[in-house]
Amino acid sequence: MTSDAAAPVVRTLTEDDFPDWLRALHTGFLRPPTPSAEEVAIRLPYQDFARTRGAFDPDTGRCVATFRSFAQEVTAVGGAAVPASAVSAVTVSPTHRRRGLLGRMMRAELAESRERGDVLATLIAAEYPIYGRFGFGPASWLTHWRVDLRRAGLDPRWSGPEDGGRIDLVDGATVRKLGPELYDRVRAVRHGMVSRSARDWQRRTGEDVPASDRWTEPFHATYRSASGELEGYVAYAADETWDDGKQPMNTATVRDLVALTPAAERALWRYVCAIDWVTLVDSGHRAPDDLLPLLLPDPRAARVVTHADMMWVRILDVVRALEARTYATEGSLVLDVRDADGLTGGRFLLDASRDGASCTPTATRADLALDVADLGALYLGDESVTRLAALGRVEEATTGAAARADVLFRASRRAWCPDIF
Ligand SMILES: CC(=O)SCCNC(=O)CCNC(=O)[C@H](O)C(C)(C)COP(=O)(O)OP(=O)(O)OC[C@H]1O[C@@H](n2cnc3c(N)ncnc32)[C@H](O)[C@@H]1OP(=O)(O)O
């Protein structure tokens, strides 16, 4: 049912709107609504009001919907950093739901992002059914394991990396200093990862974090190779659970684990799985093909707790998006891309060669026809064209085109976005 009340005004914010906007954000996310003065003061300097939208009820003047975006880079298959607009803080208050406010804010944002020259829009969807209608597709998936170390079969005598590398516990300030450069090297070689701002590192390490974030200090450990190179880092927290029989039953929860080399990744997981008192390891958000379960002598000790869609991608510029990534082999395909919002649809000839890929508008007969949301789902190599064709979502006009597209689009590792934004 639509209310007779006057439609809210959707606009970008001024500084004065911010406390009310924050209240609306908390309301939508079901947190205690009224922000403290401390929270407003801490968050204020990090707001880009030109990219923060709100909807304001004309009768009450109150903010009833929130939306923001920020500049981000997404690593494409092959390592290119693709400019994206990351969408976040999307809420509509329960008093104003299902009157089209999200649609108004999203369409304004996507048009502006396309104008700005962003190639993709990205988001982490709170609920699966919300964003497909706006051309987003689930482009990366996460798996979250809980490892029962009593069943894993690991050698309890482990005392550090066997490869001459070393692990050191460090403090948050050290992570703020060393983490960004390490992380940028890692994201340059793993598709699906996204850039992190200095503010992200502050929030991970507890600098300038409002009480409402409920941050607690984690342990941070680095891995250095035998030659002293920093190659990996882990942040983990532990609880203080003991069972009735006076046995430690602590869970180590990994908040962040990034590694430049497989040796670093193996060593950091091994380290977390060898901490005294820890009987359970909670892996946090990993790629579905993470090394963790197969590092255990008994991989069944790693039980999948969550397997779900993670980052959603909305392609805003088909030509630049498809030219930015690499392909597993040489080949060409004509794609008919439907975009109901008229941002980037059309027919395109994708030509992948040893020298790179070109994507050009064409009038040639299409091999495959698909919605822009499905192209988003395929973009990071983490979905099968054949599967989407079997679902009736990709139309195969040329026999064998779906299988050819799979060979081109798939990657040897799964896409991974570890960050919630
Ligand atoms: C990137 C992020 O920030 S993810 C966080 C998203 N926020 C939340 O989940 C917080 C709680 N939910 C909300 O605040 C709101 O329900 C929102 C923002 C999800 C939706 O806002 P609304 O203004 O009600 O959406 P709007 O009226 O524009 O709906 C557009 C369409 O999406 C559909 N839709 C909206 N939300 C949902 C949902 N949660 N599940 C299924 N369909 C939905 C509507 O039915 C409508 O469909 P139609 O075009 O076929 O009629």
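**Exercise 1. The nonpolar core**

How many residues has the largest nonpolar core, and which residues have the most contacts inside it?

*Solution.* The structure is a predicted model, in which local features need pLDDT of at least 70, side-chain atom pairs count only at pLDDT 80 or more, and totals for chains, interfaces and linings use all residues. Residues are numbered from 1 along each chain as its sequence is written.

Step 1. A nonpolar core is a set of buried Ala, Val, Leu, Ile, Met, Phe, Trp, Tyr and Cys residues joined through C-beta atoms within 7 Å. A residue is buried if 20 or more other C-beta atoms lie within 10 Å of its own, exposed if 12 or fewer, and partly exposed in between, with C-beta atoms placed from the backbone.

Step 2. The largest nonpolar core contains 109 residues, and Leu 120 and Leu 268 have the most contacts inside it. In soluble globular proteins, nonpolar side chains tend to be buried together.

Step 3. Two residues are in contact if their C-beta atoms, placed from the backbone, lie within 7 Å. Leaving aside neighbours within four places in sequence, the contacts of Leu 120 are Val 74, Val 82, Ala 84, Val 313, Arg 314, Ile 315, Leu 316 and Ala 321.

**Exercise 2. A helix and its surroundings**

Why is helix α6 described as largely enclosed by the rest of the structure?

*Solution.* Step 1. Helices (H or I, at least four residues) and strands (E, at least two) are DSSP runs, numbered from the N terminus. Helix α6 covers residues 262-272.

Step 2. Helix α6 is largely enclosed because eight of its 11 residues are buried. The buried residues are Ala 264, Glu 265, Arg 266, Ala 267, Leu 268, Trp 269, Tyr 271 and Val 272. One of them, Leu 268, is also one of the residues with the most contacts inside the largest nonpolar core.

Step 3. The elements that cover these buried residues include β8 (166-170), β9 (219-224), β10 (230-238), β11 (250-259), β12 (278-282) and α7 (292-295).

**Exercise 3. The annotated active site**

At which residues does UniProt place the feature "active site", and is Tyr 131 buried or exposed?

*Solution.* Step 1. The unreviewed UniProt entry places this feature at Tyr 131 and Phe 421. UniProt positions are given in the numbering used here, feature names are shortened, and annotations may be inferred rather than shown by experiment.

Step 2. Tyr 131 lies in the loop between β5 (120-124) and β6 (136-138). Tyr 131 is buried, because 23 other C-beta atoms lie within 10 Å. Beyond four places in sequence, Tyr 131 is in contact with Leu 123, Ala 125, Phe 136 and Trp 312.

Step 3. Phe 421 is in the segment after α11 (401-409). Phe 421 has 17 C-beta neighbours inside 10 Å and therefore counts as partly exposed. Beyond four places in sequence, Phe 421 is in contact with Ala 86, Ser 88 and Ile 124.

**Exercise 4. The shell around the ligand**

How many residues surround the ligand, and which element gives the largest share of the shell?

*Solution.* Step 1. A residue is near a molecule or strand if its C-beta atom, placed from the backbone, lies within 6 Å of it. The ligand is surrounded by 22 residues, of which the closest are Val 90, Val 92, Leu 102, Gly 103 and Ala 126. The elements giving two or more residues to this shell are β4 (81-92), α3 (101-116) and β5.

Step 2. Strand β4 gives the largest share, six residues.

Step 3. The shell divides into 12 nonpolar, five polar and five charged residues. Here Ala, Val, Leu, Ile, Met, Phe, Trp, Tyr, Cys and Pro count as nonpolar, Asp, Glu, Lys and Arg as charged, and the others, Gly among them, as polar.

Step 4. The unreviewed UniProt entry gives a "binding site" at positions including Val 90 and Gly 100. Val 90, in strand β4, is buried, with 24 other C-beta atoms within 10 Å. Gly 100, in the loop between β4 and α3, counts as partly exposed, with 14 C-beta neighbours inside 10 Å.

**Exercise 5. Positive phi angles**

Where does Lys 246 lie, and is Lys 246 buried or exposed?

*Solution.* Step 1. Lys 246 lies in the loop between β10 and β11. Although Lys 246 is not a glycine, its phi is positive, about 65 degrees.

Step 2. Lys 246 counts as exposed, because it has 6 C-beta neighbours inside 10 Å.
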